[in-house]
Amino acid sequence: MKDTTDPAVPIIRVRNLRRDFKVGARGRGRGVLRAVNDASFDVMPGETLGVVGESGSGKSTIGRMLVGLLPASGGEIELFGETITGPLGKRALARVRHRLQFVFQDPHAAMNPRMRISDIIAEPIDIQGGWSRKARADRVSELLDLVGLSAQFADRFPHEFSGGQRQRIVIARALALDPDFIVCDEAVAALDVSMQAQVINLLMDLQDRLGLSYLFIAHDLAVVRAVSTRIAVLYAGEIVELSGKSALYEDPRHPYTQALLAAIPRPEVGVRKPPIRGEVPSMLNRPAGCALCPRCPSAFDRCKTEAPALREVAPGHSVACHLYDGA
Amino acid sequence: MLQVENLSVDFRVDSGWIRSVDEVSFALDAQSTLGIVGESGSGKSVTALSILRLHARRNTRMTGRIVFDGEDLLAMPERRLHEMRGRDIAMIFQDPMHSLNPVLTIGDQIGETLRIHQGLNRAAAEKAAAGLLDMVRIPDAKRRVTDFPHQLSGGMRQRVMIAMAIACRPRLLIADEPTTALDVTVQAQILDLLRDLREEIGMAVILISHDLGLVAEFAERVLVMYAGELVEDAPARNIFEAPAHPYSEGLLKAIPSADVDMHRLYAIPGRIPDPGDRPPGCNFAPRCALAQPACSATPPALDTLAPGHRIRCPVRLAAREPAA
Amino acid sequence: MTDATVPPAAARAPLSPGAARRRILMRRLWRHRSFRLGAVILLVIVLMALAAPLLSNGEPTKMNLRARFAPPSADFIFGADNFGRDIFTRVLYGARISLWIGFASAMLAAAGGALVGLASAWYRRLDGVIMRIMDALLAFPAILLAIGINAALGPQVSSVIIALAAAYVPRMARIVRAAALVVRELDYVDAARVSGASAGRIIFRHILPNCLAPLIVSLTFVFAYAILAEAALSFLGIGPPPPQPSWGNIIAEGRDYSVEAWWIMLFPGLAISLAALGTNLLGDGLRDVLDPRLKIEA
């Protein structure tokens, strides 16, 4: 029942995506906050695109726009050949909706506390309609089994489960209609270390078995390394580096990526480099040039006035930084 | 300087009492750093809050002794403890936004501690507050004292909390997940700051975190807690280079690395037992690869593996004994 | 990778999870002292109203001219009124009408308020208009509004109910809207949206059930208000029409004789106070137990 997908054609194409939020009351103090600015990327069938950034980087906003939870302010999103932005976007989204799903950060908030596990997992099925009672029950058991939970859990309520188990249930719901693409928004950030490893392994096993593609949003570069094929690093709403996994970790080009990697606490005893100074700027008064400029150790004059564009510095490796303009 | 002996903490729930911290003992030298690591429900934060007796009294039962400079904090009258809080022992928390009063300037809030404990007047307190903001590396400190908490970023707020905590130059600072709510780059800055301040002031620091990486970088000595019990107490180097308890080992292996590619992560099977439903023997036995039948029968004791290294695992203790 | 451990909470309780949860809730409620007292008071009043034919002479409208203004005695324990009707019987039968008015108008107000509040919370564009209308209604004293509506509909029990319900819809709407605005931002609502759920499904399956706690709590308070308001309307002569007794109209009829036959007003008045007290105690208990902000972390 799955549509055939060509492995060489991206299932997701995002071009110049933009999202603005109006902030402040009407009139005085009203401003526009650009949460996502000019983001372009593809997701190929069966791959995981990791999206990394700190708070305010716009990573969650991108994820929410991809599944239609937030409308885009500009730019284009194409899912499975359907353009879900623009005037005909709603119709197009309805046609591909069954192929998309979303896994949330907080497994406690992601389930209606008054519903049974079977009804939570079967919600996408119930919304789609047309399933017999038997088929629905069988599918729920199958899904529970798929995420490593006992089928006996179907009649229970969410409050009876631990965080790690809840996240498995949320994943089971996401798989209900056999989607092709799942946005995981900080899907393991709320879990303890030992649960986190279990859930990450589960997501990867499912990818192997079902041929899923993920957009994996996280703030933790180590987690992203474990799951991703390619990685986009976001800073202040813009993609500053986009590359394959090994290139990003072995040869990070953007000063921000380098700083992020250096800042990860590592479970080994020893001294380390001083961290990058400052914090993410408010996007209400974004600097004229490069957004990182005030914090960047390598900034020069041009960085203050001119925003760098994302350009390819090696095959499949793009960076938005003036340091690489000469290349 | 600090000696915790057989500390147990129970909380009242609907169905009776549940044990949150079970017979924890450890010692801390002046000017040293101690990390307490564990997952949620391990009792690490409860242990730390007990040192200042910050639990609601009505629903908590604490037994054991917490000796600070020869005095038992658990037996101490409330008034005496009040004097010590903030002056000798200070604490910072995970969420700097909810720990600050939104309607007072940060200068007022820092000054308050000084006025209470050192009897400074308003003007002197404000000046001292500016000095403290300078100490926690808040740029332009003199102007910042009149700011309100909402005007500061998360990292700046945590710096303000630290300034309040060190105002009286305490001899012990307890930091409970101080960087969990912060971004990675800011987290590194705060950790650097704590490290520097410890040397400047000469205080001991207890860092509580779920993040082993963070603790490894900061602490000289590390306690690993699991399901309310201390399972390993060792110098940081030992824990991270050669963890002896199977739980510490599993936890360490389960952390994804930013430095190497892994096809699959190591995962400890199962989950932490509920506090009301712990297994009869070793709490970790149901998840442990080394578990023997005896492990599920009797609760193991914390024992010395090597000088300065204690673990709660009879299997590993037995394996090392012939060598020792 | 499998995590087949059974949650211990469920392993201990052989009950179905829903029943177990309800049982915990009931136990918490029953442990709450004011809830218990309020529940007992209300239960006694309701039982007495239901058992009225057994407890009294069974004829609340039967006149007995010889017993006019009989003071409380063994024959007439609450005394008799200006037509010689037994006040005790009338108070018991009056309870049926008064409680019915309280119950029906509270339920209607809750239903109306829930619809308005949910619409307002979900359709953000309507919110401004709806809430301004509700504000305007709230600006009228509820009793004044009820007087107007009741005057327009004519003197019947049903028009009293409609009038009181209409008067309390705005505050119910506010309460539901406030709760719904919180719930609509929760991830499980987004999860339903990602799967393409319709507005109706989201509102009635996800939002409403999770707004019920504040709704139930305020329902009890509206019930108490409505019983009091029924008395006020009767006093103004636009309550449930005589001769069928309600607590309000017994008092209203007795007001001309308040000095010489104080018992006519006293006993229905006590009944009203007791019912209102019981309801408020019950409501306080419900609020303490159902309001998650006060719930003790387990």
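This is a predicted model: local features need pLDDT of at least 70, side-chain atom pairs count only at pLDDT 80 or more; totals for chains, interfaces and linings use all residues.
Residues are numbered from 1 along each chain as its sequence is written, with chains lettered from A and ligands numbered from 1 in the order in which they are written. Local features need pLDDT of at least 70, side-chain atom pairs count only at pLDDT 80 or more, and totals for chains, interfaces and linings use all residues, while side-chain values use heavy atoms, leaving out hydrogens and water.

The contact (heavy atoms within 4.5 Å) draws 46 residues from chain B and 41 residues from chain A. Together the two chains bury about 3600 Å², with 53% of this on carbon and sulfur atoms; buried area is the accessible area (1.4 Å probe) lost on putting two parts together, summed over both. On the chain B side, T185(B), E217(B) and R264(B) lose the most area to chain A, together 17% of what that side buries. R264(B) also meets D208(A) through their side chains in a salt bridge, 2.8 Å from N to O. Five salt bridges (a side-chain nitrogen of Lys or Arg within 4 Å of a carboxyl oxygen of Asp or Glu) are counted between chain B and chain A.

On a 1 Å grid over the protein atoms alone, a pocket is an open set of points with protein on both sides within 12 Å along at least five of seven lines, whereas a cavity is a set where a 1.4 Å probe fits but cannot get out; lining residues have an atom within 4 Å of a point. Grid points are joined across faces, edges and corners, and a volume is the space filled by probe spheres set on the points. The lining of this pocket comprises 37 residues, with L69(A), L70(A), P71(A), R184(C) and R193(C) nearest its centre.

By the cavity rule, there are four cavities of 30 Å³ or more. The largest cavity has a volume of about 90 Å³, and among its 15 lining residues P255(A), C290(A), C296(A), C303(A) and C321(A) are the closest to its centre. The second largest cavity has a volume of about 70 Å³; of its 14 lining residues, P246(B), C282(B), C288(B), C295(B) and C313(B) are the closest to its centre.
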